[in-house]
Amino acid sequence: MTPAAIMTQMNTRIEQDLKQRGDAVLAEAGFSPSEAVRALWKFAVAHEREPKAVTRALALDDPKAEARREAALKKIKVLDRAETDMTKTLEFLGVAEKTAREVFELSDIELLEQALTERYAARGLL
(Lines give C-alpha, C1' and ligand atoms only; values in the text may rest on other atoms or scores of the structure.)
Protein backbone atom coordinates (compact mmCIF):
# COMPACT_ATOMS: atom_id res chain seq x y z
CA MET A 1 0.00 0.00 0.00
CA THR A 2 1.44 3.36 -0.98
CA PRO A 3 1.43 6.27 1.50
CA ALA A 4 -0.81 8.29 -0.82
CA ALA A 5 -3.35 5.47 -1.24
CA ILE A 6 -6.94 6.56 -0.81
CA MET A 7 -8.66 4.30 1.69
CA THR A 8 -12.30 3.21 1.77
CA GLN A 9 -14.17 1.89 4.77
CA MET A 10 -16.39 -1.16 4.35
CA ASN A 11 -19.16 -2.23 6.69
CA THR A 12 -20.77 -5.64 6.58
CA ARG A 13 -23.09 -7.77 8.67
CA ILE A 14 -22.00 -11.21 9.79
CA GLU A 15 -23.31 -13.68 12.36
CA GLN A 16 -21.68 -13.01 15.74
CA ASP A 17 -20.50 -16.59 16.27
CA LEU A 18 -19.03 -16.77 12.78
CA LYS A 19 -17.17 -13.48 13.34
CA GLN A 20 -15.77 -14.55 16.71
CA ARG A 21 -14.64 -17.94 15.45
CA GLY A 22 -13.25 -16.45 12.24
CA ASP A 23 -11.40 -13.71 14.14
CA ALA A 24 -9.79 -16.39 16.34
CA VAL A 25 -8.61 -18.42 13.35
CA LEU A 26 -7.36 -15.32 11.53
CA ALA A 27 -5.48 -14.14 14.64
CA GLU A 28 -3.84 -17.55 14.99
CA ALA A 29 -2.81 -17.31 11.32
CA GLY A 30 -1.40 -13.82 11.94
CA PHE A 31 -4.10 -11.77 10.20
CA SER A 32 -6.37 -9.02 11.43
CA PRO A 33 -9.88 -8.93 9.93
CA SER A 34 -8.83 -5.91 7.84
CA GLU A 35 -5.74 -7.72 6.54
CA ALA A 36 -7.88 -10.73 5.63
CA VAL A 37 -10.35 -8.55 3.70
CA ARG A 38 -7.48 -6.81 1.88
CA ALA A 39 -6.00 -10.21 1.04
CA LEU A 40 -9.36 -11.36 -0.34
CA TRP A 41 -9.69 -8.24 -2.50
CA LYS A 42 -6.08 -8.67 -3.72
CA PHE A 43 -6.93 -12.28 -4.62
CA ALA A 44 -10.00 -11.12 -6.55
CA VAL A 45 -7.99 -8.50 -8.45
CA ALA A 46 -5.21 -11.00 -9.16
CA HIS A 47 -7.85 -13.28 -10.70
CA GLU A 48 -9.94 -10.62 -12.44
CA ARG A 49 -9.79 -12.56 -15.70
CA GLU A 50 -10.59 -15.84 -13.91
CA PRO A 51 -13.90 -15.33 -12.09
CA LYS A 52 -14.22 -19.10 -11.73
CA ALA A 53 -11.15 -19.10 -9.48
CA VAL A 54 -12.82 -16.54 -7.23
CA THR A 55 -16.06 -18.53 -7.24
CA ARG A 56 -14.20 -21.71 -6.29
CA ALA A 57 -12.36 -19.91 -3.51
CA LEU A 58 -15.47 -18.33 -2.00
CA ALA A 59 -18.13 -21.00 -2.47
CA LEU A 60 -16.87 -23.28 0.28
CA ASP A 61 -20.13 -24.72 1.52
CA ASP A 62 -22.78 -23.08 -0.62
CA PRO A 63 -24.94 -25.97 -1.84
CA LYS A 64 -26.26 -23.84 -4.71
CA ALA A 65 -22.79 -22.79 -5.88
CA GLU A 66 -22.11 -26.06 -7.70
CA ALA A 67 -25.48 -25.87 -9.45
CA ARG A 68 -24.76 -22.27 -10.53
CA ARG A 69 -21.33 -23.29 -11.81
CA GLU A 70 -22.79 -26.21 -13.74
CA ALA A 71 -25.49 -23.98 -15.26
CA ALA A 72 -22.86 -21.43 -16.29
CA LEU A 73 -20.68 -24.14 -17.84
CA LYS A 74 -23.66 -25.48 -19.81
CA LYS A 75 -24.34 -21.97 -21.16
CA ILE A 76 -20.70 -21.58 -22.15
CA LYS A 77 -20.78 -24.95 -23.95
CA VAL A 78 -23.94 -23.95 -25.82
CA LEU A 79 -22.34 -20.64 -26.87
CA ASP A 80 -19.14 -22.40 -27.95
CA ARG A 81 -21.17 -24.93 -29.95
CA ALA A 82 -23.19 -22.10 -31.55
CA GLU A 83 -20.02 -20.30 -32.61
CA THR A 84 -18.60 -23.53 -34.03
CA ASP A 85 -21.84 -24.24 -35.89
CA MET A 86 -21.92 -20.69 -37.24
CA THR A 87 -18.32 -20.94 -38.41
CA LYS A 88 -19.04 -24.26 -40.17
CA THR A 89 -22.14 -22.78 -41.79
CA LEU A 90 -20.21 -19.76 -43.02
CA GLU A 91 -17.47 -22.02 -44.38
CA PHE A 92 -20.11 -24.13 -46.14
CA LEU A 93 -21.52 -20.96 -47.69
CA GLY A 94 -18.05 -19.95 -48.87
CA VAL A 95 -17.55 -17.08 -46.44
CA ALA A 96 -13.85 -16.57 -45.73
CA GLU A 97 -12.59 -17.15 -42.18
CA LYS A 98 -11.46 -13.53 -41.93
CA THR A 99 -14.95 -12.35 -42.85
CA ALA A 100 -16.47 -14.78 -40.36
CA ARG A 101 -14.24 -13.44 -37.58
CA GLU A 102 -15.20 -9.87 -38.50
CA VAL A 103 -18.87 -10.86 -38.21
CA PHE A 104 -18.32 -12.28 -34.72
CA GLU A 105 -16.65 -9.03 -33.65
CA LEU A 106 -19.58 -6.82 -34.72
CA SER A 107 -22.26 -5.79 -32.25
CA ASP A 108 -25.91 -6.56 -32.98
CA ILE A 109 -26.50 -2.91 -33.96
CA GLU A 110 -23.53 -2.96 -36.34
CA LEU A 111 -24.78 -6.19 -37.94
CA LEU A 112 -28.24 -4.69 -38.38
CA GLU A 113 -26.83 -1.51 -39.91
CA GLN A 114 -24.66 -3.56 -42.28
CA ALA A 115 -27.61 -5.75 -43.34
CA LEU A 116 -29.85 -2.73 -43.95
CA THR A 117 -27.15 -0.94 -45.92
CA GLU A 118 -26.69 -4.00 -48.15
CA ARG A 119 -30.46 -4.35 -48.57
CA TYR A 120 -30.92 -0.70 -49.54
CA ALA A 121 -27.93 -0.85 -51.91
CA ALA A 122 -29.36 -3.95 -53.59
CA ARG A 123 -32.63 -2.07 -54.18
CA GLY A 124 -30.74 0.90 -55.60
CA LEU A 125 -31.69 3.18 -52.73
CA LEU A 126 -28.10 4.09 -51.88
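Colleague: What is the relative accessible area of D17?
Modeller: D17 counts as partly exposed, a class between buried (under 20% relative accessible area) and exposed (over 50%), using a 1.4 Å probe and protein chains only. Its relative accessible area is 45%.

Colleague: What kind of model is this?
Modeller: Residues are numbered from 1 along each chain as its sequence is written, and side-chain values use heavy atoms, with hydrogens and water left out. Local features need pLDDT of at least 70, side-chain atom pairs count only at pLDDT 80 or more, and totals for chains, interfaces and linings use all residues, since the model is predicted.

Colleague: Which residue forms a salt bridge with D17?
Modeller: A salt bridge is a side-chain nitrogen of Lys or Arg within 4 Å of a carboxyl oxygen of Asp or Glu. The closest N and O atoms of this pair are 3.7 Å apart. The partner, exposed at 58% relative accessibility, is R21.

Colleague: How far apart are the closest N and O atoms of K19 and D23?
Modeller: The structure holds two salt bridges, and K19 with D23 forms one of them. These two residues are also four apart in helix α1, and therefore about one helical turn separates them. K19 is partly exposed at 38%, and D23 is partly exposed at 26%. Their closest N and O atoms are apart by 2.4 Å.

Colleague: Which helix gives the most to the nonpolar patch?
Modeller: Patches take residues with over 30% relative accessible area and no salt bridge, joining like charges within 9 Å and nonpolar side chains (Val, Leu, Ile, Met, Phe, Trp, Tyr) within 5 Å. Here M10, V37, L40, W41 and L58 form one on the surface, with about 470 Å² of accessible area together (Shrake-Rupley method, 1.4 Å probe, only the protein chains shown counting as cover for residues). W41 is partly exposed, at 46%, and is found in the helix in question. With three residues, the main contributor is helix α2 (residues 33-46); helices are DSSP runs (H or I, at least four residues) numbered from the N terminus.

Colleague: Which residue's backbone oxygen does the side chain of H47 reach?
Modeller: H47 is found in the loop between α2 and α3 (51-58). Leaving aside neighbours within four places in sequence, H47 is in contact (heavy atoms within 4.5 Å) with A53 and V54. At 2.8 Å, the backbone oxygen that the H47 side chain reaches belongs to F43.

Notes: Polar contact = N/O pair within 3.5 Å; in protein donor to acceptor, adjacent residues only side chain to side chain.
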